[in-house]
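Please keep the sequence and the coordinates in view.

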Amino acid sequence: MHIMEGFLPHPWWEIWFALSLPVLAYGVYKMNRMIKESREILPLLAVAGAFVFVLSSLKLPSVTGSCSHPTGTGMGAIIFGPAITSVLAVIVLVYQAVFLAHGGLTTLGANVFSMGIAGPAVGYLVYRAASRSGLHLYLSVFLAATLADWATYLVTAAQLALAFPAASGGVYASFEAFAAVFAITQVPLAAVEGAVTALMFKYIVELRSDVLVRMNVVSARAIARLREAAA
Amino acid sequence: MKRAGGFGLEAIVLGLVLLFIAAFAYTSSTGSHQWSGADSQAEGVISDLTGGAYEPWYQSIYEPPSGEIESLLFALQAAIGSLIIGYFLGYYRAMARAKAASAAAERDGKQDA
């Protein structure tokens with residue numbers, strides 16, 4: 001989902017910065033406030049950020065004969081919401097833009113928007129809806145992380161389509177062309193990302209379900225149900 | 001530390017990963033593929049759409065001088081992340097164990113008194 005350095009023409013790179021910066025600023029503010037309120041979320045924040053680090057470094061082969069990478073943002077989105085997740089994503093995106101020539105500083109706004117904001121927003125909403133409807137906790141996490149990953153790549157396709165509309169067929173034809181590169185390739189990767197995120201979430205629930213309950217991420221009833229199932 | 005849920009989820013995840021590897025093996029065996037990055041393929045689509053007219057207006061400030069160094073930096077990224085995850089999960093696990101132990105000791109102490 002990295003749009004390469006210099007590959008978004010004026011005015012698009014500015015537009016995506018303009019959309020991303022307020023969310024990032026709010027994310028930093030919200031993160032500081034949460035940490036001040038309770039230090040016990042710090043380790044979870046570190047784990048969610050590190051999870052993005054690990055997953056976005058893995059370039060995996062897919063059924064289309066090309067490679068792509070997961071995003072790892074589902075976990076942060078579920079626990080902390082999209083605004084804080086955008087801050088976690090920007091750390092990774094800057095690392096990759098500066099040291100790896102992956103993505104870029106001029107396209108940072110667009111990449112933060114797709115990977116740090118839009119994808120996590122989808123994941124957050126899916127998780128809230130799924131867990132509220134009484135779906136099994138880990139299945140909710142799986143769905144949220146899978147769709148967050150997939151949505152990230154669809155947004156990237158849309159960003160590129162808006163910047164490079166086809167001569168015939170316009171933005172929609174371009175979107176089809178870019179989605180053809182990203183969408184199918186990403187399906188198996190998104191599913192694996194969802195599964196790994198669910199597993200990671202399970203370990204966090206086993207160790208610190210108390211913090212998750214206090215943060216209103218998981219209901220005490222859902223934890224009780226998991227304990228019952230285990231007993 | 002009692003395990004909630006046994007190893008059901010681990011088995012499912014393992015199954016999915018095996019399926020993923022099988023899909024890779026199958027795709028590999030049917031024809032030759034580039035296995036190039038989707039990110040760089042998008043560049044190809046851009047040059048198709050613009051008739052090759054688009055020139056990136058800004059260059060990366062640094063590029064890893066070789067594939068080896070690039071993979072080093074990617075591995076470093078994964079290593080840093082794994083280290084942090086492992087550290088905190090281990091920290092939590094030991095904390096929970098210590099708490100359980102001190103609670104048990106307190107109980108025993110009361111029984112002695």
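The contact takes 55 residues from chain A and 53 residues from chain B, where two residues are in contact if their C-beta atoms, placed from the backbone, lie within 7 Å. On the side of chain B that touches chain A, the elements giving two or more residues are α1 (8-29), α2 (38-49) and α3 (67-112) of chain B; helices (H or I, at least four residues) and strands (E, at least two) are DSSP runs, numbered from the N terminus. With 16 residues, α3(B) gives the most to this side. By class, this side of chain B holds 32 nonpolar, 14 polar and seven charged residues; Ala, Val, Leu, Ile, Met, Phe, Trp, Tyr, Cys and Pro count as nonpolar, Asp, Glu, Lys and Arg as charged, and the others, Gly among them, as polar.

The model is predicted: local features need pLDDT of at least 70 and side-chain atom pairs count only at pLDDT 80 or more, while totals for chains, interfaces and linings use all residues. Residues are numbered from 1 along each chain as its sequence is written, and chains are lettered from A and ligands numbered from 1 in the order in which they are written.

Apart from neighbours within four places in sequence, A:Leu160 is in contact with A:Ile3, A:Phe178, B:Ala42 and B:Ile46.

A:Thr71 lies in the loop between β2 (67-68) and α3 (74-80) of chain A. This residue counts as buried because it has 33 C-beta neighbours inside 10 Å; the classes are buried at 20 or more other C-beta atoms within 10 Å, exposed at 12 or fewer, and partly exposed in between. Beyond residues up to four places away in sequence, A:Thr71 touches residues including A:Leu55, A:Met115 and A:Asp149.

Helices α1 (residues 12-37) and α5 (residues 108-132) of chain A have axes that come within 7 Å and cross at roughly 45°. The two helices are therefore oblique to each other, angles under 35 degrees counting as roughly parallel, over 145 as roughly antiparallel, 65 to 115 as roughly perpendicular and the rest as oblique. Their contact has ten nonpolar, two polar and no charged residues.

Notes
Axes are lines fitted to C-alpha atoms, for helices over the stretch in contact, and angles run from 0 to 180 degrees between N-to-C directions.
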